[in-house]
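Q: Hi! Could you walk me through a few local features of this model?

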Amino acid sequence: MKSLRLAAPGDRLSVLCLGAHSDDIEIGAGATLLSLLERGIRLDVHWCVLSAAGEREGEARASAADFLSEAARAQIDIAGFRDGLFPEQGEEIKCWFEALKGRVGPDVILTHKRDDAHQDHRQVSRLTWNTFRDHFILEYEVPKWDGDVGRPNFYAPVSARALQRKIDLLVSHFGSQRSKQWFDPEVFRGLARLRGMECRAPEEYAEAFVARKLTVN
């Protein structure tokens, strides 16, 4: 299968990362970002977490800083919306999205999957598409107890090194999540191996996304 590339080594790529909670971006797309940096792509990243209260804000900032330590430019924004109640805060979150749109012009947007089982994730995805109508949007997946992993159509092969660094950083930074059954290095590695098999990734691992609208020149 002929593969497409977002950018070549030395190119600059602007990426907007959107996550409902403090570990979502890392789980869904962390190895993809690390692999892009490994390949010498100069990333300009705007990293937004919409809910990270108490200790989770510190975890979110420290993790994002580590994941983006080699980026050409990184801006980290943490909002204060209430975890679990995004649908009930729809008007406020929509206003936040509109203000964000006035400040960024990304080449690529990484956001939640539209049919994610978590209500906060679905709200972020819906407002991403509602706000950014002329952008390249990739929807990432977050494994969870609900068992909502679906059928992606866009694969990003990642290096074994990038996947291991993603897992190491997740375990290192998110102490508040280590007791959760789904927060498990074997879960993260297993999903990456499955997606790697599906796309015949050179180093056996991949992250997968849903791409609902693409233009190819």
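Q: What should I know about the model before we start?
A: It is a predicted model, where local features need pLDDT of at least 70, side-chain atom pairs count only at pLDDT 80 or more, and totals for chains, interfaces and linings use all residues. Residues are numbered from 1 along each chain as its sequence is written, and side-chain values use heavy atoms, with hydrogens and water left out.

Q: Thanks! At what angle do the axes of H1 and H2 cross?
A: Helix H1 (residues 24–38) and helix H2 (residues 55–67) cross at roughly 30 degrees, and their axes come within 10 Å. Helices here are DSSP runs (H or I, at least four residues) and strands are E runs of at least two, numbered from the N terminus. Axes are lines fitted to C-alpha atoms, for helices over the stretch in contact, with angles from 0 to 180 degrees between N-to-C directions. That makes H1 roughly parallel to H2; angles under 35 degrees count as roughly parallel, over 145 as roughly antiparallel, 65 to 115 as roughly perpendicular and the rest as oblique.

Q: Which residues make that contact?
A: From H1 they are Glu-26, Gly-30, Leu-34 and Leu-37, and from H2 they are Ser-63, Ala-64 and Phe-67. Contact means heavy atoms within 4.5 Å.

Q: Where is the kink in H1 centred?
A: On Gly-30, with a kink of about 65 degrees. The bend at a residue is the angle between axes fitted to the seven residues ending there and the seven starting there.

Q: And how many residues of H1 are buried?
A: 14 of the 15 are buried, so H1 is largely enclosed by the rest of the structure. Buried means under 20% relative accessible area, exposed over 50%, and partly exposed in between (1.4 Å probe, protein chains only). Just after H1, Gly-40 has a positive phi of about 85 degrees.

Q: What does Ala-162 touch?
A: Leaving out residues up to four places away in sequence, Ala-162 touches Ala-31, Leu-34, Ser-35 and Glu-38. Ala-162 sits in helix H5 (residues 160–173) and is buried, at a relative accessible area of 1%. Between Ala-162 and Phe-183, 21 residues apart in sequence, the C-alpha to C-alpha distance is 18 Å.

Q: Switching to Arg-189: where is that found?
A: Arg-189 is in helix H6 (residues 185–199), and its 28% relative accessibility counts as partly exposed. Setting aside neighbours within four places in sequence, Arg-189 contacts Leu-163, Gln-164, Ile-167 and Tyr-205. The C-alpha atoms of Arg-189 and Ala-206 are separated by 9.6 Å, with the two residues 17 apart along the chain.

Q: What about Arg-200, is it buried or exposed?
A: Exposed, at 78% relative accessibility. Arg-200 lies in the loop between H6 and strand E7 (205–210), and its phi is near 55 degrees, a positive value in a residue other than glycine.

Q: And what is the phi of Glu-204?
A: About 80 degrees, which is positive although Glu-204 is not a glycine. Glu-204 lies in the loop between H6 and E7 and is partly exposed, at 42% relative accessibility.

Q: Last one: where does Gln-89 sit?
A: Gln-89 is in the loop between strand E3 (73–78) and helix H3 (90–101). At 13% relative accessibility, Gln-89 counts as buried. Not counting residues up to four places away in sequence, Gln-89 touches Phe-81 and Arg-82.
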